[in-house]
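Visitor: I would like to learn how to read a model like this one. Could you take me through it step by step?

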Amino acid sequence: MGLSGPGGLDYLVLNHLGATPAGSRSRSVQATRWLMQVNFLSYVQLTSLALPSLTDSKGSLVVVSSLLGQVPTSFSRPYSAAKFALDGFFGSLRRELDVQDVNVAITMCVLGLRDRASPAEGVRGVTRAKAAPGPKAALAVIRGGATRAPGVFYPWRFHLLCLLRGWLPHPRAWFIRQELNVTAAAAA
């Protein structure tokens, strides 16, 4: 959070980590409920509380999400559901603020797997995707929020994958299969 003066708020960066290991343990209703609370509902609650101050300061809201909130993949249902909910909620909020002429920027950050220990451990053996350096991802988030960009994709190639989502579903599915080790995921 950034302060615009006494009691003011210029930035709110929403970046929570709530993940369950890929595979069978992440398939329960309880896991889904917990991930929705951590990765979606807490974002909504903090946004609701901060929006009046951000409106006063013409501030910025930076929402850190995941590629799995843009492109569905195997063995990630609860986590993907929470991240897709972020895209829907903040996309709608952006439209509402726009039609109300409220000058609060919303930057949606779509990040891939980063080299932090806990998320990388959760998908070890399930994906062939290489984890991106965390500091570089953080810099992309900061830069996007500071410039009031509507979207940030890190690594940048994920923007192309997101564009393919609706246009070419079969090549997208092929790409995802190339990144997934189905044998390891099914055994988890």
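Visitor: In which element of the protein chain is confidence lowest, and in which is it highest?

Guide: Some ground rules come before the answer. This is a predicted model, in which local features need pLDDT of at least 70, side-chain atom pairs count only at pLDDT 80 or more, and totals for chains, interfaces and linings use all residues. Residues are numbered from 1 along each chain as its sequence is written, and side-chain values use heavy atoms, with hydrogens and water left out. Here pLDDT is the predictor's confidence in each residue, from 0 to 100. Helix α3 (residues 117-122) has the lowest confidence, with a mean of 44, while strand β1 (residues 11-14) has the highest, at 96. The chain as a whole has a mean pLDDT of 77, with 62% of its residues at 70 or more.

Visitor: Over which residues does pLDDT stay under 50?

Guide: Where pLDDT is low, the predicted coordinates should not be read in detail. Residues 117-127 stay under 50, and the model gives them 21 contacts beyond four places in sequence; a contact means heavy atoms within 4.5 Å. Residues 184-188 are also below 50, with 10 contacts beyond near neighbours in sequence.

Visitor: What pattern does the protein chain follow along the sequence?

Guide: Elements here are DSSP runs numbered from the N terminus: helices are H or I with at least four residues, strands E with at least two. The chain has seven helices and four strands, and reads β-α-β-α-β-α-α-β-α-α-α.

Visitor: What is the order of the strands in the sheet?

Guide: Two strands pair if DSSP finds at least two bridges between them. In this model the four strands form an open sheet in the order β1-β2-β3-β4, with parallel pairing. The edges are β1 and β4 (151-154), each with a single partner strand, so one side of each has no neighbour in the sheet. Between β1 and strand β2 (residues 60-66) there are four bridges, between β2 and β3 seven, and between β3 and β4 four. S60 is a handy landmark: its bridge partner in β3 is A105, and S60 is itself the partner of Y11.

Visitor: How do I read the helices against that sheet, and at what angle does α2 run to β2?

Guide: Axes are lines fitted to C-alpha atoms, for helices over the stretch in contact, and angles run from 0 to 180 degrees between N-to-C directions. Helix α2 (residues 77-99) lies across β1, β2 and β3 (105-111), at about 155° to β2. Helix α4 (residues 134-146) lies across β1, β2, β3 and β4, at about 165° to β4.

Visitor: How many residues of β3 are buried?

Guide: Buried means under 20% relative accessible area, exposed over 50%, and partly exposed in between (1.4 Å probe, protein chains only). In a regular strand the side chains alternate between the two faces of the sheet. In β3, seven of seven residues are buried: A105, T107, C109 and L111 on one side, and I106, M108 and V110 on the other.

Visitor: Where in the chain is D101, and is D101 buried or exposed?

Guide: D101 sits in the loop between α2 and β3. It counts as exposed, at 72% relative accessibility. Its backbone deserves a look too. Most residues other than glycine have a negative phi. D101, though not a glycine, has a positive phi of about 60°. K58 also has a positive phi, near 55°, and lies in the loop between α1 (29-57) and β2.
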